[in-house]
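Dear colleague,

Please read the notes with the model open beside them.

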Amino acid sequence: MGNPQIVSVATAIPPYTLRQEEIKEFVATLFQTKMAHLERLLPVFENGLIKVRHLSRPLAWYQEGHSFAEANKTYEETALTLAEEAAAKAIKQAGIRSDEIGMVIYISSTGIATPTVDAKIIQRLGLSPHTARVPIWGLGCAGGVVGLARASELAQVLHGKAVLLIAVELCSLTFQRNDYSKANLVGTSLFGDGAAAALIAVDGGGPAICDSYSTLFPATEDIMGWDVAESGLKVRFSRDIPSIIRKNLPALTGEAYDKWDVDSNSVQHFVVHPGGAKVLEAYADSLKLSDDKLDHAYRVLASYGNMSSATVLFVLNSFLASTPPSKEYGLMLALGPGFSAEQVLFKW
């Protein structure tokens with residue numbers, strides 16, 4: 001049996017495209033009489049290096065109040081549409097039949113549904129009713145890398161069938177119009193909506209997934225996550241994330257390379273989750289990377305913002321579209337709630 005490989009990657013975005021300047025003006029108007037020192041905080045919209053984001057609803061929708069139930073209904077409808085689009089593209093790109101898919105892994109943290117969205121996706125795509133389902137919720141920004149790690153492991157026991165990985169995040173639907181905290185303002189300057197899908201199969205013909213490494217930082221639950229309020233999911237994250245990266249990432253990648261028995265100098269590609277401009281700067285500083293090593297992450301950040309778990313798959317898609325195979329190692333990396341770090345070693 002060969003290595004699990006990434007056969008295809010595809011993406012989908014919602015229809016409402018907004019320039020960062022438009023969103024900044026919207027927030028400035030909405031919060032101008034409610035938030036102290038707003039003018040001093042608004043430069044976060046420029047400093048984040050984001051130019052465009054894609055939202056599930058027109059801007060006027062976010063100006064109105066919505067209950068958790070209303071926002072979640074919108075999540076269910078939009079997530080299904082985007083998941084189907086991304087998955088159909090990935091299947092077509094891979095050139096495989098529906099009966100060759102043995103499992104669907106569905107990753108999301110921005111809405112809930114029971115039955116989970118993957119149940120409807122299986123039916124819409126005409127997959128076998130015996131397709132195994134693995135819905136995973138709550139991994140946040142780390143979800144895309146975790147999904148690839150779990151997909152590669154499970155592909156090895158599916159007797160030649162492929163795993164369809166889908167990540168959908170509609171971060172904008174969690175916007176809290178009555179939350180005047182700095183965390184909410186920063187989140188509003190960062191988050192966008194999008195979906196991505198990938199097919200992983202043994203001997204699939206794409207980048208090989210070699211191994212993975214997970215790290216949970218003890219007693220760090222307050223670093224990143226959601227607070228569940230009556231109005232929905234309220235963002236929680238610490239301003240200390242870049243400093244945590246600088247302090248811990250060199251040792252974490254070193255541990256992973258030792259586990260994988262790989263020399264750090266042999267790792268030439270870096271597919272990382274662009275959590276924000278400061279996060280990418282911290283990656284570059286701590287791992288001593290030149291700017292070109294994170295070029296794809298910066299491009300995705302500028303064009304889409306932070307789409308939580310789906311974003312790293314957008315970066316992977318960009319990387320594969322312009323990087324011919326050279327049999328060199330690469331590292332996929334993302335941080336998420338827990339507080340946790342997720343790493344995947346691949347070869348392309």
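To begin with a single side chain, Lys89 counts as partly exposed at 39% relative accessibility, where buried means under 20% relative accessible area, exposed over 50%, and partly exposed in between (1.4 Å probe, protein chains only). The model is a predicted one, in which local features need pLDDT of at least 70 and side-chain atom pairs count only at pLDDT 80 or more, while totals for chains, interfaces and linings use all residues. Residues are numbered from 1 along each chain as its sequence is written, and side-chain values use heavy atoms, with hydrogens and water left out.

Lys89 forms a salt bridge (a side-chain nitrogen of Lys or Arg within 4 Å of a carboxyl oxygen of Asp or Glu) with Glu85, their closest N and O atoms being 3.2 Å apart. Both residues lie in helix 5 (residues 68–94), 4 residues apart, or about one turn of the helix; helices here are DSSP runs of H or I with at least four residues, numbered from the N terminus. Glu85 is partly exposed, at 33%.

By the salt-bridge rule the count comes to 14. Among them is the pair Glu46 and Lys24, at 2.6 Å from N to O, which links distant parts of the chain, since Glu46 sits in helix 3 (residues 44–47) and Lys24 in helix 1 (residues 20–31), 22 residues apart. Glu46 is partly exposed at 42%, and Lys24 is partly exposed at 23%.

Arg97, exposed at 51%, bridges to Glu100 at 3.9 Å, and Glu100 is partly exposed at 29%. Finally, Arg19, Glu21 and Glu22 are linked in a network of salt bridges.

Technical notes. Helix = DSSP H or I, 4+ residues; strand = E, 2+ residues; numbered from the N terminus.
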